[in-house]
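Please open the model in a viewer and keep the selection tool at hand.

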Amino acid sequence: MNNISFLICFGLYACTMIILGWFVSRNQKSGEDFLLGGRSLPMFLTLGSTVATMVGTGSSMGAVGFGYSNGWAGMLYGLGGAVGILLVAWLFAPVRKLRFMTMSEELSYYTGASHLIKNIVGLLIFVASIGWLGAHILGGSLYLSWATGIDMTVAKIIIALAFAIYVVIGGYSAVVWTDTIQALILFFGFILMAILAVIHVGGWEAIQQAMAPEALSFLAVDKLGVVPALSLAMVISVGVLATPSYRQRIYSGKDVSSVRRSFVYTGILYLFFSILPAIIGMAAFTMNPSLENSNYAFLFATSFLPSLVGLVVLIAGLSATMSSASSDAIAAVAIVMRDLYTIITGRMPPENKAIMLSRWMLVLVIGLALIFALTSNDIISYITKMISTLMSGLFVCSILGRFWLRFNWQGALAALAGGAGVSTAVLVHDRWLAYWGNPCIPSVLASLAAAVIVTLVTPASKMSREEALEVITRERESRPESVPAPLRSGK
């Protein structure tokens, strides 16, 4: 494929996304319009945006690379993601009616409107969103560098600028519309890629001969081992349940029913999609079993395609990374505007400045993520380490808080600290890490145990859920000068 031709096509694609983002966001009037699309997104936009976000960097480049190295284990990413989004639909779609703006508000509600929990969770989610965003920039730059031959650092900067422009201009409305279009492109591209890859290598029989028998076992459990395989699926599922960008879909949806239906449809589609990266990865292994970096398996597999088809497939891959990146950028800025701004100033942003402040914060967030992306080149380990360390506690807090009225802010603190501590311990012990595959399972179990024990031995919150919701809503919707300072412990 001609490098200049690809750059021109990518430039036209990015410009189209920018124009679309501007067009759909012309009537934004408030910060809530910019960050949540006015809380009125119809089901088809929630569906399209959620699908595009899930079929992101890990599901495309990361899962294909894992399939290249481990056969049917490439499905584990998709299987875990499908379980995660179906659980979100079942467990958390009803919180739409509570009109939260951020996940930190939701967890604060579960703990007696604790400002301490809201502030800590806000900081953690901000860091996690930066991490996710950095992973997407990294994945997109690998595509672009492979397709054009440009330096990786330059490619990372180009990818960051490409999606930053339309997100800064259009906000959340731009994200959901561009995501929906990108979802169509990437599904078409990946299906086409899988079919042509199998044909090119000589059919499924050729793949069976090339791959080790254990890699062709059910989910490659014979190769990975039961515990590491379960751990990989679980870490992705936990990531979906605790990632703020999926909560953003709930908070911005038209109603509970539309959110739940869109998530169920997403889970079914994603379960089907999970087969494709594994097949592409195994086909790439059949073509060349000696790639130095398995993350390039997807890109290598495009080398045999006709120029036009290869262009579509690579644009599809870039669509996957850019759609996920734009969603995480908006989620991070919602945290900045709702939570971090109040930590610093003690009040909500002035309504007449909310959109402009959000745009400046988007520039800051994407800039920070770019710095993180410049320091890493391994997508799967980047994602799984971050989820286990930062998000296991958030997952436990959200599950316990949703269904256990006794849960309090002390238990939430214990969950966050316990999960992060055990994850770090596993990561620094090679033997433990080899046994578990990643720290997710011990991290979640430790977080759960700590949360339950500490909650039971500390006083229950004196504030009811109804009173907590009233406090959170009043703080969010009141005039800036009437919002109380947030840096208090407990309630």
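Begin by selecting Ser231, which is found in helix 11; helices here are DSSP runs of H or I with at least four residues, strands are runs of E with at least two, and both are numbered from the N terminus. The model is predicted, so local features need pLDDT of at least 70 and side-chain atom pairs count only at pLDDT 80 or more, while totals for chains, interfaces and linings use all residues. Residues are numbered from 1 along each chain as its sequence is written, and side-chain values use heavy atoms, with hydrogens and water left out.

Ser231 has 0% relative accessibility and counts as buried (buried is under 20% relative accessible area, exposed over 50%, and partly exposed in between, with a 1.4 Å probe and protein chains only). Display its partners next: leaving aside neighbours within four places in sequence, Ser231 is in contact with Trp436, Asn438, Cys440 and Ile441, where contact means heavy atoms within 4.5 Å.

Now extend the selection to the whole of helix 11, residues 226-242. Of its 17 residues, 13 are buried, so the helix is largely enclosed by the rest of the structure.

**Aromatic rings**

Select the Phe, Tyr and Trp side chains. The structure holds nine aromatic pairs (ring centres within 6.5 Å, using the six-membered ring of Trp; planes under 30 degrees apart are stacked, over 60 edge-to-face, and the rest tilted). Tyr109 and Tyr110 form a tilted pair, at 5.5 Å centre to centre and 55° between the planes. Tyr109 is buried at 10% relative accessibility, and Tyr110 is buried at 3%. In the pair of Tyr435 and Trp436, the centres are 5.1 Å apart and the planes lie at 85°, so this pair is edge-to-face. Trp436, already displayed as a contact of Ser231, is partly exposed at 23%.

Arg465 lies over the face of Tyr109, at 5.5 Å from the ring centre (the criterion is NZ of Lys or CZ of Arg within 6 Å of the ring centre and within 35 degrees of the ring normal). A further case is Arg247, whose charged end sits over the ring of Phe92, 4.0 Å from its centre.

**The nonpolar core**

Which residues have the most contacts inside the largest nonpolar core? They are Phe6, Phe10, Leu133, Phe163 and Phe298, in a core of 152 residues. Helix 8 (residues 152-200) gives the most to this core, with 22 residues. Such a core is a set of buried Ala, Val, Leu, Ile, Met, Phe, Trp, Tyr and Cys residues joined through side-chain atoms within 4.5 Å. Centre the view on Phe10: beyond its neighbours within four places in sequence, its contacts are Leu144, Ile158, Ile159, Ala162, Ile315, Leu318 and Met322.

**Two loop residues**

Select Arg99, in the loop between helix 5 (75-92) and helix 6 (103-110). Arg99 has a positive phi of about 60° although it is not a glycine, and it is partly exposed at 35%. Finish at Leu219, in the loop between helix 9 (204-210) and helix 10 (221-224). Phi of Leu219 is also positive, near 55°, but Leu219 is buried at 11% relative accessibility.

Definitions and conventions. The expected span of a helix is 1.5 Å times one less than its number of residues.
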